[in-house]
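Reader: I would like to go through the pockets and the ligand surroundings of this model. Could we begin with the pockets?

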Amino acid sequence: MSFLCLDKVNCRRDGICMEVCPAGVITADAEGYPVVKDGAEAFCNKCGHCVAACATGALSHERLPMIDFLPNRKPRPETVAEVEPLMLGRRSVRAYKDKPVEHALLERILDVARRAPTAVNSQQVGWIVVEDPAKTRRLAELGMEWLRAAGHPRYVELWDKGREVFLRGAPHVAVAHAPADYTWGAADCAIALTYMELAAAAHGLGACWAGLLTRAAMAHAGVIEALELPQGRTVHGALMLGWPKYRYSLVPPRNAANVAWL
Ligand SMILES: Cc1cc2nc3c(=O)[nH]c(=O)nc-3n(C[C@H](O)[C@H](O)[C@H](O)COP(=O)(O)O)c2cc1C
Ligand code: SF4
């Protein structure tokens with residue numbers, strides 16, 4: 001059965017793997033056991049759902065080593081009580097402590113972000129993480145060159161008065177990029193950055209979307225060069241990262257959802 005390996009003793013023939021496969025790659029043989037449909041191998045996007053949803057662990061996938069699957073804990077009542085306030089309490093942090101974030105923690109939030117959903121599980125998001133605070137500062141300076149030329153007098157005035165308005169004095173910035181010709185690049189990068197922002201918040205880190213840097217990275221040769229952006233890639237978003245200077249004691253109000261229920 002090609003890339004799927006089945007333990008027939010444990011297989012309940014419940015058809016779950018067939019139902020959850022997004023690509024319709026799996027079918028039942030004459031006895032009801034899962035097999036890869038003839039000619040459908042190429043449609044497998046290695047999402048791992050067939051293996052991950054199997055309640056008896058009867059299925060494995062040759063291209064997805066079992067050691068790379070993580071246990072998936074069930075949400076508990078406490079999960080809602082923890083996760084919702086985390087999501088609501090996340091703020092765009094614009095004042096950072098003069099203290100770098102340790103490498104292991106940056107790696108850890110990146111490890112969450114790399115697991116964010118991507119269209120057809122294509123996993124084409126690439127990252128540039130600026131770890132050296134001096135390089136982050138240099139990026140802000142280069143970005144301001146772009147902003148000056150683009151004509152944003154308000155930001156230029158604040159910068160010239162000594163206020164770091166471009167990257168808000170964050171010690172680090174994480175930049176997400178994707179192939180320039182990839183249709184879902186912007187969406188995949190935005191989702192991955194959102195995962196990273198929430199993972200950062202869970203560790204007490206501050207973050208803020210760096211829209212100005214994102215625009216500069218699409219337009220300013222100096223910024224693109226400083227980022228060492230690989231050829232053929234487009235930056236779709238970036239996140240300032242650092243330890244927040246202040247704690248917010250309130251969640252500010254936002255508009256009611258603009259929703260139509262059908
Ligand atoms: C921008 C985007 C578009 C997607 N569109 C579809 C879709 O139209 N149909 C679908 O079944 N899954 C869609 N997905 C889900 C992906 O296929 C899925 O995220 C990927 O296979 C990884 O699986 P996971 O989310 O369980 O990790 C989309 C995901 C993203 C990020
Ligand atoms: S890895 Fe995903 S696409 Fe491939 S067979 Fe399993 S469920 Fe289907």
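Reader: Which residues lie nearest the centre of the largest pocket?

Author: Leu70, Pro71, Asn72, Arg115 and Tyr195 lie nearest its centre, among 47 lining residues. On a 1 Å grid over the protein atoms alone, a pocket is an open set of points where a 1.4 Å probe fits, with protein on both sides within 12 Å along at least five of seven lines, and lining residues have an atom within 4 Å of a point. This is a predicted model in which local features need pLDDT of at least 70 and side-chain atom pairs pLDDT 80 or more, while totals for chains, interfaces and linings use all residues. Residues are numbered from 1 along each chain as written, chains are lettered from A and ligands numbered from 1 in the order written, and side-chain values use heavy atoms, without hydrogens and water.

Reader: How much space lies in the largest pocket?

Author: About 2000 Å³, a volume being the space filled by probe spheres set on grid points joined across faces, edges and corners.

Reader: Which element gives the most to that lining?

Author: Helix α3 does, with six residues; helices are DSSP runs (H or I, at least four residues) and strands are runs of E (at least two), numbered from the N terminus. The lining also draws at least three residues from each of domain 1 (4-68) and domain 2 (83-242), with bounds from an automatic or database domain assignment.

Reader: And how do the residues of that lining divide?

Author: Into 24 nonpolar, eleven polar and twelve charged. Here Ala, Val, Leu, Ile, Met, Phe, Trp, Tyr, Cys and Pro count as nonpolar, Asp, Glu, Lys and Arg as charged, and the others, Gly among them, as polar.

Reader: What about the second largest pocket?

Author: About 410 Å³ of space lies in it. Of its 20 lining residues, Gly89, Arg90, Arg91, Arg247 and Tyr248 lie nearest the centre.

Reader: Changing topic: which residues are around ligand 1?

Author: His49, Pro117, Thr118, Ala119, Val120, Asn121, Trp184, Ala187, Asp188 and Ile191, each with a heavy atom within 4 Å of the ligand. The protein covers 53% of the 620 Å² of accessible area that ligand 1 has on its own (Shrake-Rupley method, 1.4 Å probe). Helix α7 (residues 185-202) gives the most to this shell, with three residues.

Reader: How far is the side chain of His49 from an oxygen atom of ligand 1?

Author: An N or O atom of that His49 side chain is 2.6 Å from the ligand 1 oxygen.

Reader: And how does the shell around ligand 2 divide?

Author: Into eight nonpolar, three polar and one charged. Among its residues are Cys21, Cys44, Cys47, Cys50 and His61.

Technical notes. Polar contact = N/O pair within 3.5 Å; in protein donor to acceptor, adjacent residues only side chain to side chain.
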